Amino acid sequence: MSSIPLSAFLVTALLLFCMGLYGALTKRNAVIVLISIELMLNAVNLNLVAFAKYGVGASIRGQVFSLFTITVAAAEAAVGLAILISLYRNRATVNVDEMNTLKK
């Protein structure tokens, strides 16, 4: 058994999630928003792996769900960056306040 308690993993995941949430809600740069979302997904992955190791019925399910989350995050980043590149080519900015083409 590891000497690191479960609470250390949970506090670290909480801090990562809070930093990601703060970045996603307050920053105007779309790249920073994508990075913040990735930070929140990594916090979820840390929780999944920690509970898989320290949970009542310790099994590999947490790692499997974590791999699924990493896959979804990679797809989200690829699609998000493709959209950002397209918007940057058309508008020459990555500011989320200026991306209102669907409103017109």
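Which residues are exposed on the other side of α1? They are Leu 14, Leu 15, Tyr 22 and Leu 25, where exposed means over 50% relative accessible area, buried under 20%, and partly exposed in between, with a 1.4 Å probe and protein chains only.

Please keep in mind that this is a predicted model, in which local features need pLDDT of at least 70 and side-chain atom pairs count only at pLDDT 80 or more, whereas totals for chains, interfaces and linings use all residues. Residues are numbered from 1 along each chain as its sequence is written, and side-chain values use heavy atoms, with hydrogens and water left out.

1. **Helix α1.** Helix α1 covers residues 6-26; helices here are DSSP runs (H or I, at least four residues, with strands being E runs of at least two), numbered from the N terminus. The 21 residues of α1 should span 30 Å at 1.5 Å a residue, and the end C-alpha atoms are 30 Å apart, which agrees; the expected span is 1.5 Å times one less than the number of residues.

2. **The buried face of α1.** The buried residues of this helix are Ala 13, Gly 20 and Gly 23. Seen down the axis of α1, the buried residues fall within an arc of 95°, so they line one face of the helix; the arc is that of the directions from the helix axis to the C-beta atoms. As background, an α-helix has 3.6 residues a turn, so residues three or four places apart point the same way.

3. **A nonpolar surface patch.** Phe 17, Leu 21, Leu 25 and Val 44 make a nonpolar surface patch of about 350 Å². Patches are made of residues with over 30% relative accessible area and no salt bridge, like charges being joined within 9 Å and nonpolar side chains (Val, Leu, Ile, Met, Phe, Trp, Tyr) within 5 Å; the areas come from the Shrake-Rupley method with a 1.4 Å probe, and for residues only the protein chains shown count as cover. Helix α1 gives the largest share of the patch, three residues, while Val 44 is found in helix α2 (residues 30-54).

4. **The aromatic pair.** The structure holds one aromatic pair. The rings of Phe 9 and Tyr 54 have their centres 5.8 Å apart and their planes at 40°, so the pair is tilted; rings of Phe, Tyr and Trp (its six-membered ring) pair if their centres lie within 6.5 Å, and planes under 30 degrees apart count as stacked, over 60 as edge-to-face and the rest as tilted. Because Phe 9 lies in helix α1 and Tyr 54 in helix α2, the pair ties together parts that are 45 residues apart in sequence. Phe 9, at 24% relative accessibility, counts as partly exposed, whereas Tyr 54, with a relative accessible area of 18%, is buried.

5. **The salt bridge.** A search of the whole structure finds one salt bridge, meaning a side-chain nitrogen of Lys or Arg within 4 Å of a carboxyl oxygen of Asp or Glu. Asp 97 forms this bridge with Arg 28, and their closest N and O atoms are 2.2 Å apart. The pair links distant parts of the chain, 69 residues apart, with Asp 97 in the segment after α3 and Arg 28 in the loop between α1 and α2. Asp 97 is partly exposed at a relative accessible area of 44%, and Arg 28 counts as exposed at 52% relative accessibility.

6. Ser 66 has its place in helix α3 (residues 61-91) and counts as buried at 7% relative accessibility. Its C-alpha atom is separated by 8.8 Å from that of Asn 42, a residue 24 places away along the chain. Ala 77 is also found in helix α3, and it counts as partly exposed at 21% relative accessibility. Ala 77 and Val 31 are 46 residues apart in sequence and 9.7 Å apart in space, C-alpha to C-alpha.

7. **A positive phi.** Ala 92, found in the segment after α3, has a phi near 60°, a positive value in a residue other than glycine. Most residues other than glycine have a negative phi. Ala 92 counts as exposed, at 57% relative accessibility.
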